[in-house]
Amino acid sequence: MTNQPTTSIARGAKTSALLVRFLGSMNLAITLLVALSIAAIIGTVLQQNQPYTDYVIKFGPFWFELFQQLGLYDVYSSGWFLFILFFLVVSTSTCIYRNAPNMLREMREYRENSTLETLKNYPNTYSWSLNSTHVEVLDVTQKLFQHNGYSARIKEGDGHTLVSGMKGAGSRLGYVLTHLAIVLVCIGGLIDGNAILKARELLGQITTETRNLPADEVPGISRLGVENMSFRGSVSIPESRESDVLFINYKDGYLVQELPFSVEVKDFRIEHYLSGQPKSFESDLVIHDDRLAEPLQQTISVNYPLIYDGYSIYQASFSDGGSELELLAWPLSGSGTAQKKLETKVGDDLQLNLFNESWVLETSNFRLFNINPSDDPSKKFKNAGPSVQFKMRDKTGEAKEFLNYMVPVEREGQLYYLSGVRSSPAEEFKYLYVPVDDAGGIDRFMNYLHALNDKTLLMDLAAKQNVTGSSLPSQDSAKFNEAMVRLVGVFLKSGMNGVIEQVGKNVPTDKREDVTKLYVRVIQQMLGAVYLDVLAKEGVDVSLGVDEKKAAFFDAASAAISSIDRYGSPVYFQLTSFVHHQASGLQIAKAPGKNLVYPGCAMLILGVFLMFYAPQKRMWAWFETTEDGIKLLLSGHAVRDNMDFSAEYQQLQAQFGRILSP
Amino acid sequence: MNSTQTALQFEIDKQSFWKGLTPFDWVWSIVVMLGTAYAYVMYQDLMDVYEKGILVSTGVGLVFLGWSWKAMRGLSIAVFLLSILGISRYVNGLSDADTDFFLRFLVSGQSAVMWMSALYVLATVTYFIAFFGRSDFAGKVASAMTWSATTMGLVGLMVRWRESYLIGIDVGHIPVSNLYEVFILFSIITALLYLFYERRYQTRALGGFVLLIISAAVAFLLWYMFDRQADEIQPLVPALKSYWMKIHVPANFVGYGAFALAAMVGTAFLVRATADERGSNGIATALPDLDVLDDLMYKSIALGFAFFTLATILGALWAAEAWGGYWSWDPKETWALIVWLNYAAWLHMRLTKGWRGKPMAAWAIIGLFVTLFAFLGVNMFLSGLHSYGEL
């Protein structure tokens, strides 16, 4: 009975010793390094922190759920990843605890108590019988050791002298420094990572907000106060506006982080190289803080953040800050309807009642410059000028997205206004090319389009045409004219392809080619007649035909009209003027962990270089006076770097041999 | 002074670094210091205090480099003269590259790189001829070709640097900003590391193996150049306009170069070990002994690891300024960590567990593939902040 406590203590001691041995073991360390690598690979293969809906689309509901449970959408802050990291810290700490005292002792230890037996057993050993005096040998040994960089201790033993030399003690320090550095970097990293956020979420103190709300309406449960010591969030601030909060993307939503000051963006600038690529992004910031006597002004740019009160403020991105736009809405169907002027702002939804239909115009972006790859071989890029991006949503809620350019672009000598359209963000834009008239406007195209929609005009013009010759009786001629007008209608509705398709449906195979040829000719003739009429009404003299430029316009306009059905919008919006307002995307971070990480990094670099380039080496010279003179034994030992050390030893040995004659 | 003392003094003097310097070494140091002083006096108004510090330490560093590795003197002087030739031939702007004889055929950034490419490939072939034919002469020729290729590569970078300023004063930048430029850097650094050890270990048998990886880099470079016109100089994106680039990128490529060298030595190790196991007396015995190869492999991984650590930390410090955090788990960062962990494990196994032999050689080769993925694969397959070298 009396023995029991002792044994349990012994057992306890034994268990803890075992635990320390396990935690400090190299096998565990290697296992953890490998586990960390694999975890890290997973995080790079699966794109992290994307919107959850993207993952659902990608993996389907089953795998989405499983992957979410495993924390694969944010590997680096998942519980299991932090657990590996934590274990690595524990394991490395245990290593330091077990080995550092020994290492530090080795640094100072000269091994002056080495026995002759030990020295003889080192692979680098040589002995001489010398005809010198004790004083001489001691002197030579000391000087040669010193000259070769070894600091030495002399110990007079029982009838012998042992000079123990050592250099490269730094490698031992290197071991301690590198391993301590890992611990520091990991702890600092954990502080700056979102481990704390995660813990608070688990405790129910915070939940993410997933609704699209203004910052001041986000409830307290999704807000982080100014006392939060470590975070990284972002905020987009329009020019001459300010913000005292930022947003932290977290899981499938966001959190609002409050700041003890507010940041105003006075101005945001993009500079460009001559070739058109962006050269710099800059924001003029003003910090408003009650603790400041006057607001702090500072310009930041990429690579040059502002550090204020422990908060680092970075230039991260930019976007539109609510540019004011003026648009002209041109109807693409019907005739005689005039264009309408509209005003809107980027980010606004505008209710429209246009041309007998109601729409919502959702303006999402305005860009002052569009730097695109150039087809001109002498220039890699060209500026396509300002553009506006918007959605047209109809009553059923369906929307098409448009991208319209303000300035015409040139293609094969003809200038065009470009308007891209797509039904979903996954698609590429398909473009409508609206040709520019002699006056640099869109009016002639629209007049031409509207004239084509004018049935009375078409009938008039058809009557003047003489397609089949004048031999037909007037009744047949009227029928034929109607057919011609109908054909133009088909062309307007579904383009030249629609006409050909209709031929395919209604005409027997053997006659198709002839009929198609006829139809195309009829349409060409009608279009030409309408175009001439439009020109005549403009006041252009067309009695001698049209010049090359006007002919090219006719081809371009007809081609554009042929593709209107694919464009899919009853309106064409022309961007006529704008007032540009930008918003600067700032990233604001507080990372107190860097006070551990940065010193850790310095220690790591120093430690690694010390370990590799100052390996610890030892030399011993053992000598004793005998009847035959002096017996000298030179031994050397190094922990690693054996080939270099052997060479070094041999050099020293040769020096001894040459100086001290036997 | 008795004879022992005299002998001691003699030995000490003989080994003394300073007393071992020849008059030639002193000429070298004077030339370099004069050059440094000239640059300082001429351009001091254009430099801030850091740049002045860098200039002076470069001068001092070059003196010591030339003292401790004599061949560097010849290389430096050749690079200097050819670069000056290249730079001075540009009189009317970049169009001179098409009209001036020297630029067109020798020292424009582009021509010099072509010379480098051709010479590295020729050197690879010649090293193998020397290896299989056991020809000492061919070995010397191969070494000379490698030195020449390295010279032309450095000249190419120097002249390219100048060319970038000829495009526009705001466009000019150090040529380490895209895949094309860093591939040249990689070839040069790997070659220099190899040449250092070639002299140190007095063997040319490894030349073909190491130059093989450089030839692969050259093949990529040529494809990238002809297929993608990657040799065109582009202005820097705002995120790259930072002093950190000048140290982060070269430090990284010392790491990559050393890892590549280690892997190729590992290949030679496997060849030699397999031959030894079979008891063959064949050509493989021309390779250095296994313990020499093992030692060289360890040394280059240690060097690579040290510089890779430095480079990754420099990258983290830069990231803190450019991206708002020293670590973002960006794919490039993460893969750098994976590379680092991999070699950390390798070094632990060798140093504390004492692993040697074929498994370590094989691991060094696998390490190169991991490194290659971090270097290229990430740009090709993963998207992230660090996408400056798109393929």
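This is a predicted model: local features need pLDDT of at least 70, side-chain atom pairs count only at pLDDT 80 or more; totals for chains, interfaces and linings use all residues.
View 1. Look for Tyr273(A), Asn303(A) and Phe612(A): together they supply 13% of the area that chain A buries against chain B, more than any other three residues. The contact draws 63 residues from chain A and 63 residues from chain B.

**View 2. A salt bridge between the chains.** Here Asp644(A) pairs with Lys299(B) in a salt bridge, and their closest N and O atoms are 3.1 Å apart. Across the interface of chain A and chain B, the rule finds 4 salt bridges. There are also 23 residue pairs in polar contact between chain A and chain B, counting pairs with both residues at pLDDT 80 or more.

**View 3. The side of chain A that touches chain B.** Several elements of chain A each supply at least two residues to this side, including helix H2 (26–45), strand S8 (278–288), helix H15 (594–613) and helix H16 (642–659). What kinds of residues make up this side of chain A? They divide into 34 nonpolar, 17 polar and 12 charged.

**View 4. Helix H8 of chain B and its start.** Follow helix H8 (residues 136–167) of chain B along its 32 residues: from first C-alpha to last, the helix reaches 46 Å, close to the 46 Å expected at 1.5 Å a residue. At the start of H8(B), you can find a side-chain oxygen of Ser135(B) that reaches to within 3.4 Å of the backbone nitrogen of Phe137(B).

Conventions:
Residues are numbered from 1 along each chain as its sequence is written. Chains are lettered from A and ligands numbered from 1 in the order in which they are written. Side-chain values use heavy atoms; hydrogens and water are left out. Contact means heavy atoms within 4.5 Å. Buried area is the accessible area (1.4 Å probe) that two parts lose on being put together, summed over both. A salt bridge is a side-chain nitrogen of Lys or Arg within 4 Å of a carboxyl oxygen of Asp or Glu. A polar contact is a pair of N or O atoms within 3.5 Å; within protein, one must be able to donate a hydrogen and the other to accept it, and residues adjacent in sequence count only if both atoms are side-chain atoms. Helices (H or I, at least four residues) and strands (E, at least two) are DSSP runs, numbered from the N terminus. Ala, Val, Leu, Ile, Met, Phe, Trp, Tyr, Cys and Pro count as nonpolar, Asp, Glu, Lys and Arg as charged, and the others, Gly among them, as polar. The expected span of a helix is 1.5 Å times one less than its number of residues.
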